[in-house]
Amino acid sequence: MTKKDETASSRRDFLKLAGTAGPAAIVAVATSGQTAEAAPAKTDGKMQDTAHTRAYFDSARF
């Protein structure tokens, strides 16, 4: 009869740990109390003059 090494962790033990550690990390991050704030949007009603908007207007000309 072969003797199984009790100290070595098996793949099943690793998967059990990974299954519980992932959600615990998500909960820890979600309950940290820090909130992300968005940058205030410009409300002047005009479109920003960027390279992207200029490229769009150049391509939209007929």
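Leaving aside its neighbours within four places in sequence, which residues is Thr-53 in contact with? In this predicted model, the residues in question are Met-47 and Gln-48. Thr-53 belongs to helix α2. With a relative accessible area of 16%, Thr-53 falls under the 20% limit and is therefore classed as buried. A polar atom of the Thr-53 side chain is placed 3.2 Å from the backbone oxygen of Gln-48.

The protein chain has 62 residues, of which 2% are buried. Its secondary structure consists of 2 helices and 0 strands. The accessible area of the chain is about 6600 Å², and 59% of that area is supplied by carbon and sulfur atoms.

Helix α1 covers residues 11-30. Its 20 residues should span 28 Å at 1.5 Å a residue, and the distance of 29 Å between its end C-alpha atoms agrees with that expectation. The number of buried residues in α1 is 0, so this helix lies largely in the open.

Helix α2 covers residues 51-60 and includes Tyr-56. Tyr-56 has a relative accessibility of 53% and counts as exposed because the cut-off for that class is over 50%. Buried Thr-53 and exposed Tyr-56 are thus both found in α2. On the surface, Tyr-56 forms a nonpolar patch with Met-47 and Phe-57. Together the three residues of this patch have about 370 Å² of accessible area.

Charged side chains form 2 salt bridges in the structure. In one of them, the side chain of Arg-54 meets that of Asp-49, with an N to O distance of 2.6 Å. Arg-54 and Asp-49 are both exposed. A salt bridge also joins the side chains of Arg-61 and Asp-58, where the N to O distance is 3.7 Å. Arg-61 and Asp-58 are likewise both exposed.

Conventions
Residues are numbered from 1 along each chain as its sequence is written. This is a predicted model: local features need pLDDT of at least 70, side-chain atom pairs count only at pLDDT 80 or more; totals for chains, interfaces and linings use all residues. Side-chain values use heavy atoms; hydrogens and water are left out. Patches are made of residues with over 30% relative accessible area and no salt bridge: like charges are joined within 9 Å, nonpolar side chains (Val, Leu, Ile, Met, Phe, Trp, Tyr) within 5 Å. Accessible areas come from the Shrake-Rupley method with a 1.4 Å probe; for residues, only the protein chains shown count as cover. A salt bridge is a side-chain nitrogen of Lys or Arg within 4 Å of a carboxyl oxygen of Asp or Glu. Helices (H or I, at least four residues) and strands (E, at least two) are DSSP runs, numbered from the N terminus. Buried means under 20% relative accessible area, exposed over 50%, partly exposed in between (1.4 Å probe, protein chains only). A polar contact is a pair of N or O atoms within 3.5 Å; within protein, one must be able to donate a hydrogen and the other to accept it, and residues adjacent in sequence count only if both atoms are side-chain atoms. Contact means heavy atoms within 4.5 Å. The expected span of a helix is 1.5 Å times one less than its number of residues.
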